[in-house]
Amino acid sequence: MASPSLAKRRSSLWARYEAACRDAALLEKRAAPIPSGLSSLRPPAWEAGDLEQLESASALDAWLEARRGELEAYAARLAASQHDRAGDAAPAAEPEAVAAACAAHRVGGGELRALRSHFGAYDPERRGAVDAADVGPLLRDMGGDYDDAEVRAIRRRVDAAGDGVVPFAAFLAWWAGGLDGPAPGDGPAPAPAAAPPRAAPTRELRSGGIAECGSCAPPDAFRSAEVAPGVYLHATAAGGAWTFAVERCGLAAVEVRADLGGSRNLAADAPPGAVVAAPFALVRLAGAAVEAPGEPWRLRCALAYRDASAGEAPAAAAFEADGAYVDGAFPPAPESIARDAADPLRAAPVAWRRCLGGHDEAARRAALFGPARARPGDARGGLLEDRWLCGAMNALAERPDAVEACFPALDGPHEVACRLFLRGTARTVAVDDLAPCHAGAGGGVLFTACGDRDKAWAQLLEKAAAKAFGSYAALRRGWAYEGLLALTGAPCEAVRFGDARVRRDLESGDLWAKLRFWLDSGSLVTASTPDDDDGDARADTVYTLLRAADVLGGADGHERRQALLLRDAGGVGPPDGVVDEAPRDGGDRRKEPGTFWMDWRAAAATFALLSACHLNPSGGGAWRTASLDASLAEGDAAAYADLVLSGGGAPADCYVAAHQADERGDGADAYVDLALVVLRRRDGGGYDLVDAAFPSLERQVATPRLLLGPGAYVVIAWSSGARLRGGRAADVSIVVHAATDAPLALSPAPADAAALGDAVDVALRTLGDASPYPEHGFTIHALTAGGNGVSFAVENLGEKPLDFTMDCGNARNAASHRGSLQHTAAVAPGALALLHHLSPAGPGLWSWSYECEWHEAGAAPAPREHDARDGGPFRPTLAY
């Protein structure tokens, strides 16, 4: 049986299909009768049973990919037809009369589209006619300068029947000069006008775009832009040469001068004087050709233009193109999609298309974010399973300034510098603006992209991450906190509801208090659902938490409960079984579209993980940061650092983390089981444990929020050594964020194995789950480390030495730092002995279980006791 999440994805896809069917039915109804070719607009014939037969996420993805092109092609045809119905398609009322008028007066192309667009604005019912009373406003909207007497005269000409209705064919004939004779009762005909009595449409009469600009020779393309009201510049690139033409769509001629002096590696061909574009004329303006083929080129065409008869001062405009930048380090090629030639992602037909226009930084930033700033919901996922990154982008868009900080520079028309944080350190990753798209006309971006095509920031951030790790395929799988780490470098926490410490905090109410503190302090918080359909864990859906409130709810409205307000930025709908209840206690019940309320306990049972990103300290201001790079190796699997917090003020918020190189990068080493200990130095010698995170296969292990006063501390990043055998070394970074204005110092410290051993013992006793067996005289301590590690120790409560054996041989896909899943320890009275650090042995689901034997030294073994736990799914690639 398919999982609820798979059913939800089926439902979402089928809803899209049904919406397409409704659009087609509406369009066909409006067409009446259906014009030739419109029948091709019906969506592809799918059956609901096609989806029901799919029993896995991978099968559904394959089915969707096979039909995505059909649906997108249908959507493109539908959009084109709707455009035609608004402009190009002849009104159903008088198609023959309109065709005859067009043929008689040679009206067509862009001129006809512009006329229909203006006329259609006064013909909402599409009857092919407007009221005679609307002729005056229509003419003024089109730019015509007519007084009342002239409008009355025109109205009499176009309303020949005198019934107060003006057919489009009659209006078109007048426009083209065919009804210039006197209307009944007008008297003698007026003298011919110097120019046709045509108003000036301000609609673009030609369309197109240079989508592939960026190679070392101009590709064949066409681009058109309205550089002034009624003045259009058309640029055509073909065979390594540019041709510019200017078109005047107005009643007055314009003079245009072209200056290509700012171009590079181009031979310009421009007349020395002005070119005059007569009303509704298209004239050649200038040309340019590449001088040195294969070398970078740059085109700049600056224009000066003015009304040829009014003597106005020339206005200015410019057109630029740049073929200098295609990122050779991450080229538009199959290996950038996936390094493995057999990867299914490389099977999809791909066309790389430019997604960033504009030729100055202001214009490029406008292309990044559209007319508005980044907004939640901008980022929409595609074929790539990187919902962790897409969800992190949408969460970051709650703070548009944080998204904009990811783009420190736009170096050229097609070059973007993105800021990412790798191993806790800011790095600049430069990419071009070529995005992988579905092949074919109008094909959308394959992977994550902004749903609004006026924006491009999401696809460019994803491309920077793909470049950082070698390919788009390397971005599969992960959790939202990893994306927030990569995008912000701010301290981040991962709260796994399966962790023993988290379960205790949930029951005590401490986790609820912590969550409210985070949201009240301005932290970004997300909630991720699990999806285990294919035996591997990932963030199936990421929601953004907006508010946590104590509210009145329930059936009678008087039950005190804790509720969360979440945003469904991905547009997939709330989790299954959610009852959306707004507060009933007079609190703020307002919701934005795409948000829903959820009971806190239901959320804890539904979500696998909360990700919190603390962009700023809880008291405001900015973080002071210190970092130290180190290396772990076999026999030397710990790195020690002295941390000194200066000043004499109150304790400050601090977060301490250890980062390792991300294993998702192509050719990167696998993770080591990384751990962290924070100790405070006593004035008289010795240490006190502040906090600890135990060995886990993660790109980052971190403490929760710590309140650290001025003083000296020791931070130890360490590993069990299980994955450092054979001479391997692992680079790590210790990073400290502190909310202080005082100096913050982090420096190498001498090794102290005894201090680390004592800290591990104390952490196992105080932070883990204790399973006491008083009848046998021992306690087993288990300390889970997120979803990818667990540690076991036994404490001897008796008065005699104890030989204790823990056998984890029945564990699934688990490995021990001992090298064997069975270990025997001699435990002195009152002592604690470490037995195993377990972690996943490889990709896929893993679980742990154990059986124990014990006896007093020299006595016979006692019967075995056993326990078994699900260690949770393990992701081979956890970050970025």
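Which residues does R601 touch, not counting residues up to four places away in sequence? In this predicted model, R601 touches L506 and E507, where contact means heavy atoms within 4.5 Å. The place of R601 is in helix α17, residues 600-606; helices (H or I, at least four residues) and strands (E, at least two) are DSSP runs, numbered from the N terminus. R601 counts as partly exposed because its relative accessibility is 40%, given that buried means under 20% relative accessible area, exposed over 50%, and partly exposed in between (1.4 Å probe, protein chains only).

Residues are numbered from 1 along each chain as its sequence is written, and side-chain values use heavy atoms, with hydrogens and water left out. As the model is predicted, local features need pLDDT of at least 70 and side-chain atom pairs count only at pLDDT 80 or more, whereas totals for chains, interfaces and linings use all residues.

The secondary structure of the chain comes to 18 helices and 45 strands. Of the 880 residues in the chain, 51% are buried. Among contacts between residues at least 6 apart in sequence, 69% join residues at least 24 apart.

Two helix pairs were examined. Two packed helices are described by the angle between their axes and the distance between the axes. Here axes are lines fitted to C-alpha atoms, for helices over the stretch in contact, and angles run from 0 to 180 degrees between N-to-C directions. Helix α15 (residues 500-508) packs against helix α16 (residues 510-520) at an angle of about 90°, and their axes are 4 Å apart. This makes α15 roughly perpendicular to α16; angles under 35 degrees count as roughly parallel, over 145 as roughly antiparallel, 65 to 115 as roughly perpendicular and the rest as oblique. On the α15 side, V502, D505, L506 and S508 take part, and they meet D510, L511 and K514 in α16. The residues of this contact divide into three nonpolar, one polar and three charged, where Ala, Val, Leu, Ile, Met, Phe, Trp, Tyr, Cys and Pro count as nonpolar, Asp, Glu, Lys and Arg as charged, and the others, Gly among them, as polar. L506 of α15, which takes part in the contact with α16, is also touched by R601.

In the second pair, the axes of helix α7 (residues 148-158) and helix α8 (residues 168-175) come within 9 Å and cross at roughly 125°. That angle makes α7 oblique to α8. The crossing of α7 and α8 is right-handed; a crossing is left-handed if the near helix is turned anticlockwise from the far one by less than a right angle, and right-handed if clockwise. I154, R157 and V158 of α7 make the contact with A170, F171 and W174 of α8. By class, the contact of α7 with α8 has five nonpolar, no polar and one charged residues. Helix α8 is mostly covered, with eight of its eight residues buried; A170, F171 and W174 are among them.

K463 lies in helix α13, residues 457-469. K463 counts as buried because its relative accessibility is 1%. Leaving aside neighbours within four places in sequence, K463 is in contact with F330, W352, V431, D432, L434 and Y472.

A449 lies in strand β18, residues 449-450, and counts as buried at 11% relative accessibility. With neighbours within four places in sequence set aside, A449 is in contact with D378, A379, R380, A458 and Q459. The C-alpha atoms of A449 and C390 are separated by 8.7 Å, and the two residues are 59 residues apart along the chain.

Two arginines have a positive phi although neither is a glycine. R423, with a phi of about 55°, is placed in the loop between β15 (415-422) and β16 (425-432). R477, with a phi of about 70°, lies in the loop between α13 and α14 (480-488) and counts as buried at 11% relative accessibility.

A disulfide is a pair of cysteine sulfur atoms within 2.5 Å, and by this rule the count comes to zero. C437 is in no disulfide, and the nearest cysteine sulfur, that of C355, is 7.7 Å away. C437 counts as buried at 5% relative accessibility. C808 is likewise in no disulfide, the nearest cysteine sulfur being that of C852, 7.7 Å away. At 0% relative accessibility, C808 counts as buried.
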